[in-house]
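Subject: Structure handover

Hello,

Here is the structure for your files. My notes follow below it.

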Amino acid sequence: MIRTSIALATALLFAGAPALAEEKAKTSDATKAAVTEIAKTATPAAAGQHRTYTPADLKWSDPPPGLPKGAKVAVLQGDPSAPGAFTMRVTLPAGYRVAPHHHPADENLTVLSGELYMGMGDVFDEAKAQALGPGSFSAMPVGVRHYAFTKAETVFQVHAMGPWGIVYVNPQDDPRNAKQVTK
């Protein structure tokens with residue numbers, strides 16, 4: 001299983017490099033602006049300074065437009081909209097779903113509370129998802145397609161290299177493509 005995942009990730013990395021570059025270029029200016037606004041909620045330490053956070057210190061905001069409504073994020077370190085390392089905490093309500101997608105950079109995720117269900121592939125299938133409880137870790141190489149959902153409120157932390165992005169397998173699943181309802 002692990003060898004298959006590594007082989008798949010390697011094949012996607014090399015065979016899909018032109019397609020991934022094209023999809024990465026599609027990241028909208030609105031998404032970049034939203035991620036930049038989220039990053040501004042963090043209180044970055046000056047270079048070489050130690051910075052700690054307690055849960056009460058976190059400044060939660062709406063997620064980038066690439067994620068469905070209902071999530072909240074708090075940037076702890078770095079700027080997810082810029083090149084370089086960042087750390088972002090994410091809270092998802094019960095019943096939250098993220099359709100099959102991939103990211104333009106490696107992403108590392110640690111579950112802090114609740115249970116995050118993750119599955120691999122282009123098709124959302126709850127039966128094939130793995131439950132990740134507190135302390136679980138997931139490393140997703142660039143381009144590996146996966147999906148996620150919750151049954152209860154869940155908090156996890158993302159460590160990755162920016163700029164952060166999300167590319168949906170099916171464009172109709174992308175919240176940025178939802179038609180605006182007029183009143």
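E126 and R97 form a salt bridge, with 3.3 Å between the closest N and O atoms; the term means a side-chain nitrogen of Lys or Arg within 4 Å of a carboxyl oxygen of Asp or Glu. E126 lies in the loop between β5 and β6 (130-132), R97 in strand β3, 29 residues apart. (Strands are DSSP runs of E, at least two residues, numbered from the N terminus.) E126 is partly exposed at 41% relative accessible area, and R97 is partly exposed at 45%. Here buried means under 20%, exposed over 50% and partly exposed in between, with a 1.4 Å probe and protein chains only.

This is a predicted model: local features need pLDDT of at least 70, side-chain atom pairs count only at pLDDT 80 or more, and totals for chains, interfaces and linings use all residues. Residues are numbered from 1 along each chain as its sequence is written, and side-chain values use heavy atoms, leaving out hydrogens and water.

The whole structure has four salt bridges. Another of them joins D122 to R145 (3.3 Å, N to O). D122 is in the loop between β5 and β6, and R145 is in the loop between β7 (137-140) and β8 (146-150), 23 residues apart. D174 also pairs with R176, at 2.7 Å between the closest N and O atoms. D174 is buried at 10%, whereas R176 is partly exposed at 26%.

L116 touches residues including L92, L109, F149 and F156, not counting those up to four places away in sequence; contact means heavy atoms within 4.5 Å.

Regards

Key:
Helices (H or I, at least four residues) and strands (E, at least two) are DSSP runs, numbered from the N terminus.
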